[in-house]
Amino acid sequence: MMETGLTYTSTVVVSKENVAATMGSGDLNVFATPAMVALMENAAMSAVADELPEGSTTVGAMMNTTHIKPSAVGDTVSATAVLKEVEGRKLTFEVRAQDSKGVIGEGTHVRYIVDKEKFMSKLS
């Protein structure tokens, strides 16, 4: 049984590759919302990875987040995920992102534990 409280922090430097103008989510050279969401998802995935059964992974199912402040190119953004609730295969995380000036986004993220082979077989 997976325990609540598992935590992980993922970090990235804001660069030309992850700004809104490059990612197509806006036209400014600031950290893109999709990049923030991906960083939050990575933190949540990583928080539980070592606790999963052999052959399993997690997949994102829902993200409810705010992106409240811009982050400049060259700044470092970190996203922290904390496992708050476990309901069978459903995992609910509290996620928060911050840069050198403070919190830039926060929310809730849901992931599900899946068997990798069974999940990928749905593509056929």
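This briefing walks through the annotated sites of the structure above and the residues around them. The model is a predicted one, where local features need pLDDT of at least 70, side-chain atom pairs count only at pLDDT 80 or more, and totals for chains, interfaces and linings use all residues. Residues are numbered from 1 along each chain as its sequence is written, and side-chain values use heavy atoms, with hydrogens and water left out.

**The annotated domain**

- An unreviewed UniProt entry puts "domain: Fluoroacetyl-CoA-specific thioesterase-like" at residues 14–117; UniProt positions follow the numbering used here, feature names are shortened, and annotations may be inferred rather than shown by experiment.
- That stretch, residues 14–117, is 21% helix and 46% strand, with its end C-alpha atoms 35 Å apart.
- Helices (H or I, at least four residues) and strands (E, at least two) are DSSP runs, numbered from the N terminus.

**The "binding site" pair**

- The unreviewed UniProt entry gives the label "binding site" to Gly60 and Arg111.
- They span 52 residues in sequence, but no two of their C-alpha atoms are more than 4.4 Å apart, so they gather at one spot.
- Gly60 sits in strand β2 (residues 56–67) and is partly exposed at 41% relative accessibility; the cut-offs are under 20% relative accessible area for buried, over 50% for exposed, and partly exposed in between (1.4 Å probe, protein chains only).
- Beyond its neighbours within four places in sequence, Gly60 is in contact with Glu41, His109, Val110 and Arg111, where contact means heavy atoms within 4.5 Å.
- Arg111 belongs to strand β5 (residues 102–115) and is buried, with a relative accessible area of 5%.
- Leaving aside neighbours within four places in sequence, the contacts of Arg111 include Glu41, Thr58, Gly60 and Phe93.

**Thr58, a partner of Arg111**

- The side chains of Thr58 and Arg111 make a polar contact at 2.8 Å; the term means a pair of N or O atoms within 3.5 Å, and within protein one must be able to donate a hydrogen and the other to accept it, while residues adjacent in sequence count only if both atoms are side-chain atoms.
- Thr58 lies in strand β2 and is buried, at 5% relative accessible area.
- Apart from neighbours within four places in sequence, Thr58 also has contacts that include Met45, Leu91 and Tyr112.

**The "active site" trio**

- UniProt (unreviewed entry) lists Thr33, Glu41 and His67 as "active site".
- Those residues are spread over 35 residues of sequence yet cluster in space, with a largest C-alpha distance of 14.4 Å.
- Glu41 is in helix α2 (residues 33–48) and partly exposed, with a relative accessible area of 27%.
- Glu41 has contacts with Gly60 and Arg111, among others, once neighbours within four places in sequence are set aside.
- His67 is found in strand β2 and counts as partly exposed at 25% relative accessibility.
- The side chain of His67 makes a polar contact with the side chain of Thr33 (2.7 Å).
- Setting aside neighbours within four places in sequence, His67 is in contact with Phe31, Ala32, Thr33, Met36, Ile104 and Gly105.

**A spot on the surface**

- Met120 is in helix α3 (residues 116–121) and is partly exposed, with a relative accessible area of 48%.
- Phe119, Met120 and Leu123 form a nonpolar surface patch with about 330 Å² of accessible area together.
- Patches take residues with over 30% relative accessible area and no salt bridge, joining like charges within 9 Å and nonpolar side chains (Val, Leu, Ile, Met, Phe, Trp, Tyr) within 5 Å.
- Accessible areas come from the Shrake-Rupley method with a 1.4 Å probe, and for residues only the protein chains shown count as cover.
- A salt bridge is a side-chain nitrogen of Lys or Arg within 4 Å of a carboxyl oxygen of Asp or Glu.
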